[in-house]
Amino acid sequence: MNKRARKKAIRENLTSYAFLIPWLLGFFVLTLYPMIYSFFLSFTEFNILQPPKWIGLRNYFVMFIGNEQFPRDERFLNSLLVTFKYVFISVPLKLIFALGVAMLMNRDLKLIPFYRTLYYIPTLLGGSVAIAALWRRLFAGDGVLNTILRSAFGLNPPAWISNPKYALYTLILLSVWQFGSPMIIFLAGLKQIPREYYEASAVDGAGKMRQFFSITLPCLSPIIFFNLVMQMINAFQSFTQAYIVSGGQGGPLDSTMFYSLYLYIKGFAFSEMGYASAMAWVLLIIIAVLTALAFKLSGSLVSYGSGE
Amino acid sequence: MKKTGLALLIILMSAVMVFGQQQITIRWAYWGSESRVKRSQEAINLFEAANPGIKVNPEISGGTGDHFNKVDTQLAGGSGPDIIQMGGNINDYVKRGVLLPLEKYSGTILNTAVIDPSAIESGTIDGHLYGVSTGVTMPALVYNKSLIQRAGAPLPKVSMTYEEFRNYLVTLKSKLPAGVYPMQDIGALSSNSTPFGYWTRYNGTPLYDAATKTTAVKPADAQKYLELFKDYRNNGLVPPADIAAGYAETNADTSMVIAGKAAIGFIWTNQLAGYQAATTDELCLMEFPGAAATKALWQAPSQFYTVNKNSKYPEAAVKFINFLVNSPEAAKVLGNDRGASASATARAAGAADINDRKVLEYLDVAGPHSSKETDHVPNDTEFNSTLFLIYQKVAFGQISTAAGGQQIYDLIVRLIKK
Amino acid sequence: MKKHTRNLINSIITNAFIILLGVCMLYPVVWLIAASFKESNTIFSDPGLWPKAFTLQNYVKGWQGIGIVGFGTFFKNSFIISGLCVIANVIFCSLTAYAFARLKFAGRNFWFAVMMVTMMLPTHVTTIPRYIMFRKFGWIDTFLPLVIPKFFATDAFFIFLLVQFIRSLPKELDESALIDGCGKFGIYTQIVMPLTKPALITTVIFTFLWTWDDFFNQLLYLNSPSKYTVPMGLRLFLDSSGISSWGPMFAMSVLSLLPCFILFFSLQKYFVQGIATTGIKG
């Protein structure tokens, strides 16, 4: 009996790993080596073209502590701050907006296919180079927004995109504007909620509000969790939009110098790939801790069908 | 699953077939847009026709950023292209030992005798010829002639002193409509440090001397420079910091002059055609102030052709470079796209459109107001980017001009040591 | 009757709201399209939305590409790359996700954590070691470095996405299938794949879009202009030192949105088929 159970367990393990073979191969052959190599580089000085030079913990030291000889990198700390601000403002806004629109798009209106596509178009633009021109046009000192504010309200608004106080918010807006990906995922999630749940609760006399909190949110919780985690991971690594809109400078005054943008500038433009690698691993640890935290918390908040 | 395996096999096999070629292929990496690509391809066709057995494969990127990311990665991966187009950062690549010295080909397959000595000199670093100049360009101020005329203001003189220049800006300001500024804040630009470099030459304190590895700039000099533009800013001769920062000035599309919001800006002469193509207003060139008395302007190679040290076919590569810079046929198809040619044989073939003529007229006036180019501060890209940041801190009023001057000095010293 | 009118008013308000919000959001896109019909030298100096002079020149010129290779070639290359990636991701990510979501095996949580971690390292620092590796495989200047990794489920985003969707399916389904004599692979193809259709469609759309847009890797691995892709072609219209062709760039940007637009429009109807239509009793 015991033996049979063990045999069964082994067989089940083997089948499971058979399913995982492609991924495991990919991980060991394609992903693991570059990761380990970059970890090694984080302890070196590496200008890309000459062999890396071992310098121990100096890269990390310069980031957080610093001394006379190797002064602390203030731009690093600034980029970390900018990124945290960006993540904690843009992610919730984007998710709420995406969920709201997804519910709006989950109706049986005739024109829904058309509307959905319409609302997805901003996301289609993605990291297109055209974005830079568009955003400048909207938020420059003499941009569309200010023209409206001036003529309609007689205000004297600042140049949003080139003012260090506001530039980051135009990028947050850009991120919220491109809410299409989480919206689609929400929409797919909403479609998976069995309609019978709503019908049954309607019979019980539940209103729209109560249905939202007692059915939609719990049934959608795995998807909300997914979107939250992924948007957070993506936002921490946010690069393309800032790169394009600021012309690769993170300006004005480093106010849109995202972590990944600074990492990229350090690695490729300033040829300090060792330092960039160290930055990458610091970011990995930050994201990993926050993700693990999210998973811990999700245990009590996320309900998975009837499984687990 | 079977089908996928088959598809994989087919993909792999076709990949193998691509690699099994016979001819010599040299790879030429450069950045540029469609018009340069077309011209370059015509030159390649001519070369291939004259040299059967050598094929040239262009590897084109849209801009310098993309170009150097790609080239760096390729070099690190041991598969760098044979010919690499370089800019002001050539020193950094020489320092890292990735370029091939070319003087051993001089006189045989590379005819250096017909190339201007100054152009040869600019590509010579530590006594070795590493880069062959693609052509000559000069820093200049560009002004919107139509805009100034519409405002009823007089046109600027090509050569002015700083005092005349300031007076002219004041006149312009009184005539221009609200929201249009006499000059963009060119004090420092995100893409390059040329205006600052010019001023330090004008001030008699060049940025860097490679032979002694020193800078002549003192904190007080840099402060003086920051104050010059602070004065312009306070008097509305250049826009306030947040307006100025709205224009990255990396290209015609991010130029305040092209947007019609400033009358005067900064460009390199080889950019004139590109800027002119982006507006219906007429653009003209003038000198930086004070050049006539100090000869502080300079001619610079717009780019270099360099050869990868690990190139498998260095001779074919040099042969092709020689063709590009010296042959009249190539000059005819390449035009002034990579700068006005520095080769006598190529120049003999030259033809000029209206923008080329304007550039040549400018070169005639500014040429005598020039002297040898100052060496580039090491780590060129980092210098530009950080200088811009410090300048902006001053412009936005976050730090004083004195603190800014000190930071600029510290930056230069740090980069020289790096 | 009264209820009917109220419904009508409700519907009008909803539609109006959707349209109004949509118009605000789409202004930049409309500007892009309008700009693609403007003369190149007026795009940035002409503040108006509507072109003063309407021209198709940008499209004609843009389609010619960079002179030596036409834009049609860029489109073809982008289609091949994106198409292969879509197929690979749908098959292999869902296979992996099924294992993580439904199968019990030793080390599952460990491998799942490992998979999550692979998403957290900024890709710029793995660029060089990856390049060196692919060069050793002899894959430079081919589509292989862009496509083959997807056949090994390296896109952890989609694995995680599908895991979440599969986990939210009622588990009784596989149990009943197991009783009906389906193996694990049978459950995967017969039950899980059809039921996660919305998520799989999402995978198709995102994979296509993201691969279509993935400029950085394409720049690194493709050398010959005849192998260039759409985003690479777009960047070639912009030159930091020379002459930028904004008109053709905008025109080709609009064209490059079209395949994504069509794909999205034709696939979005699958979101309508919710789980309810597959005949499961709740």
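Mentor: Let's start with spacing: in chain A, the C-alpha centres of domain 1 and domain 2 lie 36 Å apart. Keep in mind that this is a predicted model.

Trainee: Okay, and which residues belong to domain 1 and domain 2 of chain A?
Mentor: Domain 1 covers 1-35, and domain 2 covers 74-301.

Trainee: How many helices and strands does chain A have?
Mentor: Chain A comes to 13 helices and two strands. Its C-alpha trace spans about 75 × 70 × 30 Å along the principal axes.

Trainee: What share of chain A counts as buried?
Mentor: Of its 308 residues, 47%. As for contacts between residues at least 6 apart in sequence, 65% of those in chain A join residues at least 24 apart.

Trainee: Switching to chain B. What is the strand order in the open sheet?
Mentor: The order is β2-β1-β3-β13-β6, five strands with mixed pairing. β2 (54-61) and β6 of chain B are the edge strands, each pairing on one side only. From one strand to the next, the twist averages 25°.

Trainee: Is the pairing of β1 with β2 in chain B parallel or antiparallel?
Mentor: Parallel: β1 (residues 24-31) and β2 of chain B pair over eight bridges.

Trainee: What about β13 and β6 of chain B?
Mentor: That pair is antiparallel too, with three bridges between β13(B) and β6 (residues 131-133) of chain B. One to look up is B:S133, whose bridge partner in β13(B) is B:F304.

Trainee: Which way do the residues of β13 in chain B point?
Mentor: Along this strand (residues 304-307), B:F304 and B:T306 point one way, while B:Y305 and B:V307 point the other way.

Trainee: Are those four buried or exposed?
Mentor: Buried, all of B:F304, B:Y305, B:T306 and B:V307.

Trainee: Last one: which strands does helix α13 of chain B lie across?
Mentor: Helix α13 (residues 314-326) lies across β1, β2, β3, β6 and β13 of chain B. Relative to β13(B), the helix runs at about 170°.

Trainee: Great, thanks!

Methods
Residues are numbered from 1 along each chain as its sequence is written. Chains are lettered from A and ligands numbered from 1 in the order in which they are written. This is a predicted model: local features need pLDDT of at least 70, side-chain atom pairs count only at pLDDT 80 or more; totals for chains, interfaces and linings use all residues. A residue is buried if 20 or more other C-beta atoms lie within 10 Å of its own, exposed if 12 or fewer, and partly exposed in between; C-beta atoms are placed from the backbone. Two residues are in contact if their C-beta atoms, placed from the backbone, lie within 7 Å. Domain bounds come from an automatic or database domain assignment. Two strands pair if DSSP finds at least two bridges between them. Axes are lines fitted to C-alpha atoms, for helices over the stretch in contact, and angles run from 0 to 180 degrees between N-to-C directions.
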